[in-house]
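Hi,

Here is the structure I said I'd pass on.

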Amino acid sequence: AGGRLQARIADLGDKYTVSLWCWNGMPVDGREVTGWMFSRGHDNGLGPDGDHVGIGGKTNNPGRLIFLHGDDSEGAKPVAGGTEIQRWNWYHVVFVRDQERVRIHLNGNRQPEIETESPAGFPVGFDRLFFGGRSDNESNWEGRLDEIAVFDRALSPDEIGVLFPN
């Protein structure tokens, strides 16, 4: 399925953390979204409940981390960070969902790169995670991912700092 890695984690709920290292090989002006690195959703589709993390592209926050909840065809717009993610460099990204609160930390920084409110209350059986692409296979990741870890709780900024080597 286009190089995506799919995992199923039962009972993940609305408090979870995904930590990963990413390296982008796609030019940020190559497509509308440079690439989706992580997604939680239904296999081969989008729905109102999904969480998606990637790097913006051509007309959509080029080179910045983006978070989208739900289906972008419903008019939902991604929330973007401010730091430019340079091509061919490694970055540590930590996505934290604590019910309706979503934070994305970059390179061990205690202050979130992205912080927003987003609907929670995932349906029963919403257990699929995708790495290297979004659940609908749109704008899959062109690059590398490493040291992916999923936690069944929301990590604190102090715990996130421990994951990033100084």
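One term before the rest: a nonpolar core is a set of buried Ala, Val, Leu, Ile, Met, Phe, Trp, Tyr and Cys residues joined through side-chain atoms within 4.5 Å, where buried means under 20% relative accessible area (1.4 Å probe, protein chains only).

Bear in mind that this is a predicted model, where local features need pLDDT of at least 70, side-chain atom pairs count only at pLDDT 80 or more, and totals for chains, interfaces and linings use all residues. Residues are numbered from 1 along each chain as its sequence is written, and side-chain values use heavy atoms, with hydrogens and water left out.

Now the core. The largest one has 24 residues, and Leu20, Met37, Phe38, Leu65, Val93, Phe95 and Ile104 have the most contacts inside it. Several strands (E runs in DSSP, at least two residues, numbered from the N terminus) supply at least two core residues each, among them β3 (33-40), β5 (60-69) and β7 (90-98). The largest share, 4 residues, comes from β2. Leaving aside neighbours within four places in sequence, Val93 is in contact (heavy atoms within 4.5 Å) with residues including Val18, Leu20, Met37, Leu65 and Ile104.

As for the whole protein, there are 11 strands and 1 helix (an H or I run of at least four residues). The C-alpha trace spans about 40 × 35 × 25 Å along its principal axes, and 45% of the 166 residues count as buried. Among contacts between residues at least 6 apart in sequence, 65% join residues at least 24 apart.

Cheers

Methods
Buried means under 20% relative accessible area, exposed over 50%, partly exposed in between (1.4 Å probe, protein chains only).
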